[in-house]
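Take a look at the model below. The paragraphs after it walk through its parts one by one.

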Amino acid sequence: MPELPEVETIRRDLDKEIVGRRVKSVEVKGKRSVRRHKTGAEFRTRLEGSRVASVRRAGKYLLVGLDGDDVLVVHLGMSGQLLRAKSAKDPVERHTHVVITFTQGGQLRFVDPRTFGEMFVTTADELTNQVPELAHLGFDPLEQVMSWARFGVMLAERPVGLKTLLMDQKFVAGIGNIYSDEILFGAGLRYDRLSDSLSAQEVRRLYRAMVETLTEAIKMRGSSLADEQYRDLYGETGDYQGQHQVYDREGQPCRRCRNPVVRVKVNGRSAFLCEHCQI
DNA sequence: CGATCTACCTGATGGC
DNA sequence: TGCCATCAGGTAGATC
């Protein structure tokens, strides 16, 4: 579910809501969501008593810095939500796997029906050296600004379809199925254009579309599709889905040329495009 | 080594 | 109604 704009929206809200708070108690229901730990109790004791010092993002990962050297890593997978509860009495949603209660009151709850998401505690040092998914993350498209020339060189290093490359977390961190389609529409490029085939102008368009699409999506607090599985920290849906140009718009007229949006399979997943506007 | 596939889960939806 | 197939924001690990 959540890609960079959704994760960044949650990060900004967490920054306001939990920095400075101390963990009073942790409840783990089943251990699948904390599967990197031997037991739920190990996860719990590692967190209890810690104070939240910072909330950062790396690609689609949330990194909650704790006092001392520990970091709570959260990945939401396809269906994960982090929800703030003002009180322990607030009704508990189905599929709530972890509840973190703070000393000043209030809770942070991890809800995840499909259980592809996870939470684990590690040290800052292990994060960059022992956790390969994080160690191998590509550049951050918003925080790591680069020249078009450099971006063009990186694109040309590996000739592969543009959608595949945009979704490769080792190349660029944070882009998934929704935003890769929206970025490619914004750039006027097809999903299957080989990354080493772009003109200088096309490289510029792709870079600009990547930054602008993600920036706009964050401004509108991310995308919630029909099932509303993405919700922010306060349980609210995002607003960017109304701006989607192609994603989940099969058969509907392209907002630019009125030709119908087409759906195709790429690497076993759906991709949406306008065959007239994207070449 | 890289590219491709499959598995991991629950739930919603649509065809019959 | 119900039953079955298909699909869903992601990624790790197996297999070529």
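What follows goes from the whole chain to a sheet, then to a helix, then to the DNA.

This is a predicted model: local features need pLDDT of at least 70, side-chain atom pairs count only at pLDDT 80 or more, and totals for chains, interfaces and linings use all residues. Residues are numbered from 1 along each chain as its sequence is written, while chains are lettered from A and ligands numbered from 1 in the order in which they are written.

Start with chain A. Its secondary structure comes to eight helices and 10 strands. Helices (H or I, at least four residues) and strands (E, at least two) are DSSP runs, numbered from the N terminus. The radius of gyration of chain A, taken over C-alpha atoms, is 20 Å. Of the 279 residues, 39% count as buried. Buried means that 20 or more other C-beta atoms, placed from the backbone, lie within 10 Å of the residue's own.

Four strands form it, in the order 1-6-7-5, with antiparallel pairing. Two strands pair if DSSP finds at least two bridges between them. Strand 1 (23-28) and strand 5 (81-85) are the edges, each pairing on one side only. The twist averages 15° from one strand to the next. Strand 6 (residues 96-102) and strand 7 (residues 107-111) pair over five bridges. V99 stands opposite R109 in strand 7. Helix 2 (residues 40-47) lies across strand 1 and strand 6, and runs at about 170° to strand 1. Such angles run from 0 to 180 degrees between N-to-C directions, with axes fitted to C-alpha atoms, for helices over the stretch in contact (C-beta atoms, placed from the backbone, within 7 Å).

How many residues of helix 7 are buried? In helix 7 (residues 177-187), 11 of its 11 residues are buried. Their cover includes helix 1 (4-17), helix 6 (162-167), helix 8 (200-219) and strand 10 (269-273). G188 follows helix 7, and its phi is positive, near 70°.

The residues around DNA strand B (C-beta atom, placed from the backbone, within 6 Å) are R94, P113, R114, T115, F116, R158, V160, D227 and G268. They divide into three nonpolar, two polar and four charged.

Notes. Contact = placed C-beta atoms within 7 Å. Buried ≥ 20, exposed ≤ 12 C-beta atoms within 10 Å, placed from the backbone. Nonpolar A, V, L, I, M, F, W, Y, C, P; charged D, E, K, R; others polar. Rg over C-alpha atoms; globule rule 2.2 N^0.38 Å.
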